[in-house]
Amino acid sequence: MQIPRLHPDTIEQVKQRTDIVDVISEHVVLRKGGKGFVGLCPFHQEKSPSFSVSPTKQMYHCFGCNASGDAIKFLMELGKHSFSEVVLDLARRYQVPVQTLEPEQRQEFQRQLSRASQLYEVLAVASQFYQHALRQPQGQIALDYLQSDRQLSLETIQQFGLGYAPPGWETLYRYLVEHKRYPVQLLEQAGLIRSRQSQDGYYDYFRDRLIIPIYDTQGRVIGFGGRTLGEDQPKYLNSPETELFSKGKTLFALDQAKSAISQLDSAIVVEGYFDAIALHAAGITNVVASLGTALSLEQVRMLLRYTESKQLILNFDADLAGTQASARAIKEIATLAYRGEVQLRILNLPEGKDADEYLRALTPEHYLKLVKAAPLWLDWQIQQILVSQDLKSASQFQQVAQHLVKLLKQIDNIDTRNHYIRHCAEILSMGDARLVSRQEENLLAQIAPNKNYAKSMLTKAQKQAAGQASTAGSFTDAFGYRSLLEQAEALLLRIYLHCPEQRGAVTEALKERDLEFSLSHHRFLWRQILETNHNVIQNAGHRVSTAETQLDLISRLQVRCLEFAGEEMALVSHLFHVDEKTQQDLLRASQVIQAASATMERVLCEKQYRHFLQLWQEIDETADPERSQFYYESLSIQKRRLEKLDRQRQFSLTDLI
Ligand SMILES: [Zn+2]
């Protein structure tokens, strides 16, 4: 379809009607933060939210990647749509009459708008027809089913608009087309009738079924669910996908549940229509039903718009199929949960009951108690891993540990992950408090992201080869690394001495990387520096100005060091002077500080790397696979650290150090 040129009035009206929070929350989980909302930026990868939305300004801004704009720009960038496409979409959504600059196109868009309202109308009329049929003699069987099997009151039946589709192939068709004069195509587009394949004509989509209308959030009928009253298959039949109805974007009873969800700040999702209806009838009204087993991201985002603390309770059947259904249902939204964007709890009712059965046997208060006690999704998964496993059996212990590691690896949120590492370590320690930190260390080593995991199962010969390969390209034979350290430490000291304004940065870099000067003459000089500084502060009574104390450091040190006319003094005295080459280093002091401190850290890190390499090469991994794995993982951690440090040093590797 060709996109028309839009009338400026239309654009203006769309801008006025559009709510940016409404638009963005369909794509991003937003939390209230300050005057606006915050969430994870959809335009760049991030783990902590820097994307903010301001309802007062109707603007978004990302502090991570600087993306910003209004609702229209958001949709354009997200979907790579043109301006007109986005404005048209929003016009449909907010029911803004479209004016284009070409009259024919204007008519076409008006037709589309009015077709939507005609679809709503015919669906509403069909729903009234079904409700009426429920109260006729032919609907008695359906009404009996609702009242005795489901124990629903007339009031609840009315509240949910439950109805009955009479048997016969053309009952609804005749009523709507012959009696009410609706066009046949409209009925077909609404999913109410189907054309016959073998001959001309149409037949009713729902026949001899109990009818459950499905409403959108604004309370308009958009489709139906039909339950068989006999042996017909399928037991439940939903309207086909139409312009208005899409299973993955709809939640049953959300129109009735939304205010309770925001009041109670949590939503319960059940599997079946009648679970939701029974809970509402029992006064638990923050409940919706998914229309298939799997819960889509879109459905969840719809729900999350109503709950500020993003609490979702999934109440699916607890039998084996139900457990698998829960796992399946969560699949798509798992990422949200691992990132900590939604607080997901899993409620399995005892004896595999569904909510409807449970309420007929027990009270709503019992149900609410279970809701309160429902485990968080991660805890639930851990429970599932532990079900009927005996940790005292070595093979089962191993299996459980592996599953836990796999689970922990998926948790993106660092705080959450640390919490669960501790928790899993406690489980694996089986009550022996002395083992907890060892297990924790073990888990930590194993969940560090590591693509070369398979490498841990190498032969000894392969290991040696791997060891040689991985140290090739490093710079540290005994002489090499001493000279590197010598240069790096000297650079830091020289900067400290000659650039008073960089002294804080030097101290900070050492502290941050947990470094000390390791060559004895440098340690000597550093000690003198600290003591001189200390004395100056002690003598502050003499009112020496800060500038004076800093500038004076070198001469003070020289006086002080004269007392130590030894070898160490000889090794550091060149640091008190600046020549042409070292002058260069002082000019770009902050880069030099970074490179030099990274080099010092790298030398330490390589020592550790070699230590673990040796341990790993020497261990017999068939005898102690766990320890071997631990060494290998530690090796990988050090290896990654080395790579990172090399990147930090890179800019200066050739000309500085
Ligand atoms: Zn961003």
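Visitor: How many bridges join β9 to strand β10?

Guide: Please note at the outset that this is a predicted model. As a general idea, strands of a sheet pair through backbone hydrogen bonds, either parallel or antiparallel. Here, 7 bridges join β9 to β10 (residues 221-228), and the two strands run antiparallel.

Visitor: What do β9 and β10 form, and how many residues lie between them?

Guide: They form a hairpin, with 5 residues between the two strands. In the turn, Gly 219 has a positive phi of about 80°.

Visitor: Which strand does β6 pair with, and in what sense?

Guide: Strand β6 (residues 163-165) is joined to β9 by 3 bridges, again in the antiparallel sense. Ala 165 has Arg 209 in β9 as its bridge partner.

Visitor: How many residues of β9 are buried?

Guide: A residue is called buried when its relative accessible area is under 20%. Strand β9 (residues 209-215) is mostly covered, with 7 of its 7 residues buried.

Visitor: What is the order of the strands in the open sheet of 5 strands?

Guide: The order is β1-β2-β3-β4-β5, and the pairing is antiparallel. At the edges are β1 (31-33) and β5 (68-69), each of which pairs on one side only. Between β1 and strand β2 (residues 36-39) there are 3 bridges, and Lys 32 stands opposite Phe 37 in β2.

Visitor: Which strands does helix α3 lie across?

Guide: Helix α3 (residues 71-79) lies across β3 (51-54), β4 (59-62) and β5. The helix runs at about 50° to β4.

Visitor: Let us turn to the pockets. How much space lies in the largest pocket, and which residues lie nearest its centre?

Guide: The largest pocket holds about 1,600 Å³ of space. Its lining has 37 residues, and those nearest the centre are Glu 26, Arg 93, Tyr 120, Leu 244 and Lys 249. By class, the lining comprises 16 nonpolar, 9 polar and 12 charged residues.

Visitor: Which helix gives the largest share of that lining?

Guide: The largest share, 5 residues, comes from α4. Helices α2 (20-24), α4 (83-93), α5 (103-134) and α12 (297-304) each supply at least two residues.

Visitor: What is the volume of the second largest pocket?

Guide: Its volume is about 480 Å³. Of the 20 residues lining this second largest pocket, Tyr 236, Glu 271, Gly 272, Tyr 273 and Asp 275 are the closest to its centre. The lining has 6 nonpolar, 5 polar and 9 charged residues.

Note on methods: Residues are numbered from 1 along each chain as its sequence is written. This is a predicted model: local features need pLDDT of at least 70, side-chain atom pairs count only at pLDDT 80 or more; totals for chains, interfaces and linings use all residues. Side-chain values use heavy atoms; hydrogens and water are left out. Two strands pair if DSSP finds at least two bridges between them. Helices (H or I, at least four residues) and strands (E, at least two) are DSSP runs, numbered from the N terminus. Contact means heavy atoms within 4.5 Å. Axes are lines fitted to C-alpha atoms, for helices over the stretch in contact, and angles run from 0 to 180 degrees between N-to-C directions. On a 1 Å grid over the protein atoms alone, a cavity is a set of points where a 1.4 Å probe fits but cannot get out, and a pocket is an open set with protein on both sides within 12 Å along at least five of seven lines; lining residues have an atom within 4 Å of a point. Grid points are joined across faces, edges and corners, and a volume is the space filled by probe spheres set on the points. Ala, Val, Leu, Ile, Met, Phe, Trp, Tyr, Cys and Pro count as nonpolar, Asp, Glu, Lys and Arg as charged, and the others, Gly among them, as polar. Buried means under 20% relative accessible area, exposed over 50%, partly exposed in between (1.4 Å probe, protein chains only).
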